[in-house]
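Let's take a walk through this protein together, starting with the overall fold and then stepping inside. Please have the sequence and the model open as you read.

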Amino acid sequence: MRTQRQVVDYSLRRRALLRELVAGRVGTYDLCDASPYLKNAARFHGEPTDQRCPICRSENLTHVHYIYGDELKQSAGQARTVAELSMLAMTLREFQVFVVEVCLGCDWNHLVEQYLLGRDGLTESEAEHEAAGGVAAAAAGANAQRRREAQR
């Protein structure tokens, strides 16, 4: 996404947890504890991936995007699809997105990354272009109409 910024990647933490599992210092029950709410969010709002689950290796992982921000009010904490995130990024000033990977087979879940989205991430010229996009199209149509009338 164009306005994505301040990205925090949790892949090192993920690898450390998997190493702990292989070493026997952590059990699968400690890592595979997805709540029913998270699993439902993965089913209905998640984005399927091509990655296999690192625990059961039988299911593909699903990414769930949770959003938080002051402008969201009652919508804060809800799971959204990537398409909805793009639309929200153009309408809201700033909000935070947390991406969680979930295995619906064995209940593995882990925070993959977090980042900020919103109009505040656009440069001034991009923001003007986005805002003027609809106005510019209307103005171009009006100018074309005037040229046609002037040629008559």
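What follows goes from the fold to the core, then to one helix, the paired strands and a few single residues.

Before we start, keep in mind that this is a predicted model. The protein contains five helices and six strands, and along the sequence these elements come in the order β-α-α-α-β-β-β-α-β-β-α. Of its 152 residues, 34% count as buried. Among contacts with a separation of 6 or more, 60% are between residues 24 or more positions apart.

Now let's look inside. The largest nonpolar core has twelve residues: Ile67, Leu72, Leu85, Leu88, Ala89, Leu92, Phe95, Val97, Val99, Val112, Tyr115 and Leu117. Helix 4 (82–91), strand 5 (95–102) and strand 6 (109–117) each supply at least two residues of this core. There is also a second, separate core of eleven residues, which includes Leu17, Leu18, Cys32 and Cys53.

Which of its residues are buried? They are Leu85, Leu88 and Ala89. These three span an arc of only 105° around the axis, and therefore they lie on the same side of helix 4. The face turned away from that buried side carries Ala83 and Met87, which are exposed. If you follow the buried residues of helix 4 to their neighbours, you will find them packing against strand 3 (60–68), strand 4 (79–80), strand 5 and strand 6.

Strand 6 deserves a visit of its own. Seven of its nine residues are buried, so strand 6 is largely enclosed by the rest of the structure. Which strands pair with it? One of its partners is strand 1 (residues 5–9), which runs antiparallel to strand 6 and is joined to it by three bridges. Within this pairing you can pick out valine 8, whose bridge partner in strand 6 is glutamine 114. Strand 5 also pairs with strand 6 in the antiparallel sense, here over eight bridges. In strand 6, glutamate 113 is the bridge partner of valine 99, and valine 99 is one of the residues of the largest nonpolar core.The hairpin of strand 5 and strand 6 has six residues between the strands. In the loop between these two strands sits aspartate 107, which has a positive phi of about 75° although it is not a glycine. Lysine 73 is another non-glycine residue with a positive phi, in this case of about 55°. You will find lysine 73 in the loop between strand 3 and strand 4, where the residue is exposed, with a relative accessible area of 61%.

Our last stop is histidine 63, which has its place in strand 3. Is histidine 63 buried or exposed? With a relative accessible area of 17%, histidine 63 is buried, because buried means under 20%. Leaving aside residues up to four places away in sequence, histidine 63 touches Gly46, Glu47, Thr49, Gln51, Val99, Val100, Glu101 and Val112.

Key
Residues are numbered from 1 along each chain as its sequence is written. This is a predicted model: local features need pLDDT of at least 70, side-chain atom pairs count only at pLDDT 80 or more; totals for chains, interfaces and linings use all residues. Side-chain values use heavy atoms; hydrogens and water are left out. Helices (H or I, at least four residues) and strands (E, at least two) are DSSP runs, numbered from the N terminus. Buried means under 20% relative accessible area, exposed over 50%, partly exposed in between (1.4 Å probe, protein chains only). Contact means heavy atoms within 4.5 Å. A nonpolar core is a set of buried Ala, Val, Leu, Ile, Met, Phe, Trp, Tyr and Cys residues joined through side-chain atoms within 4.5 Å. The arc is that of the directions from the helix axis to the C-beta atoms. Two strands pair if DSSP finds at least two bridges between them.
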